[in-house]
Amino acid sequence: MTIAANSLDLIGNTPLVLLKGPSEATGCEIWGKCEYANPGGSVKDRAALYIVRDAEANGSLRPGGTIVEGTAGNTGIGLALVGNALGYKTIIVMPDNQSAEKMATIRALGAELVLVPPAPFANPGHFVHTSRRIAEETDNAIWANQFDNIANRKAHIFGTAEEIWDQMDGRIDGFTCAAGTGGTIAGTGLGLKAKRADIVVALTDPHGAGLYNYYQCGELKPEGSSVAEGIGQNRITANLDGAPIDTQFRISDAEGLAVVRQLLDEEGLCLGLSSGINVAGAMALARQLGPGKRIATMLCDSGFRYLSTLYNPEWLASKGLGGPT
Ligand code: PMP
């Protein structure tokens, strides 16, 4: 697609790139879906569009209405753009430990940004609960509810999975990515399995999340911690419910960062940490499946969104993640 009838048609249909270093290192073909090429710069534009279209279709979002959401940032950016394009206001609630670039972007797009301190999910001050309350208290507003609104994963069943299947000519052996809401892994997994049930779907979990142990031994038990933004889940969201996970890997920030650095230095790709963790997971899946296989993963957002963190040697050192790149 080289022309679009309107700005919303620019969402999705992202390129798929063969990652040379990871492919050579594993003897497999490892392909990355360039989600940073979406208009809002991340995979979450897809969910934002589906959630808003779904709310319009079911009558909950009416002309002049407001979209309210709690987000690590990328969904807020996507919702603000989609809201602008369709004439809705946006109120975004974000934990205050996310990157300054994402906060500045949300404000620049014209959304109202509400920052809250990071808190456990059980705490009523958690960004998700805060966003639900604001939606309830605002006239003519919807709560996007990306974690438990399965319009999110439909974006990947009908979008991402179809695109990957077409781009790889149906010759795909495995798919993996990490979960934030779980919309991407569940939706893309379900969509690909509907094409061919033997495509291996693997969860790649960061440290500090409970899903690796859940799929490994049935217990939602987080171990360790991660500075990766947008991923790491400790409950089975509605989007994750029934996700067809065949196998799972746990990837540390250090492993993910090493991949981020390698992709930048050797392939000129500047990515965020969830992309590095995803590619490290794809390499683990490649080693499990053996040489000659074709594996896809998600390049969720750009490194330009993290210049003050991942690409800032002092910040990295303050997190115990080594010095200059
Ligand atoms: N990577 C980044 C950078 C994200 O912002 C998100 C969304 N939270 C994800 C990965 C995970 O996507 P999903 O919510 O579909 O699980």
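Visitor: When H6 passes H7, is the crossing left-handed or right-handed?
Guide: This is a predicted model, where local features need pLDDT of at least 70, side-chain atom pairs count only at pLDDT 80 or more, and totals for chains, interfaces and linings use all residues. Residues are numbered from 1 along each chain as its sequence is written, and side-chain values use heavy atoms, leaving out hydrogens and water. Helices (H or I, at least four residues) and strands (E, at least two) are DSSP runs numbered from the N terminus. A crossing is left-handed if the near helix is turned anticlockwise from the far one by less than a right angle, and right-handed if clockwise; H6 passes H7 in a crossing that is right-handed.

Visitor: Which word describes how H6 and H7 lie to each other?
Guide: Helix H6 (residues 151-167) and helix H7 (residues 183-195) pack at about 50°, an angle that runs from 0 to 180 degrees between N-to-C directions of axes fitted to C-alpha atoms, for helices over the stretch in contact. Under 35 degrees counts as roughly parallel, over 145 as roughly antiparallel, 65 to 115 as roughly perpendicular and the rest as oblique. The two helices, H6 and H7, are therefore oblique.

Visitor: In what order do the four strands of the open sheet stand?
Guide: Two strands pair if DSSP finds at least two bridges between them, and here the pairing is parallel. Strand S5 (112-116) and strand S6 (141-143) are the edge strands, each pairing on one side only. The order is S5-S4-S3-S6.
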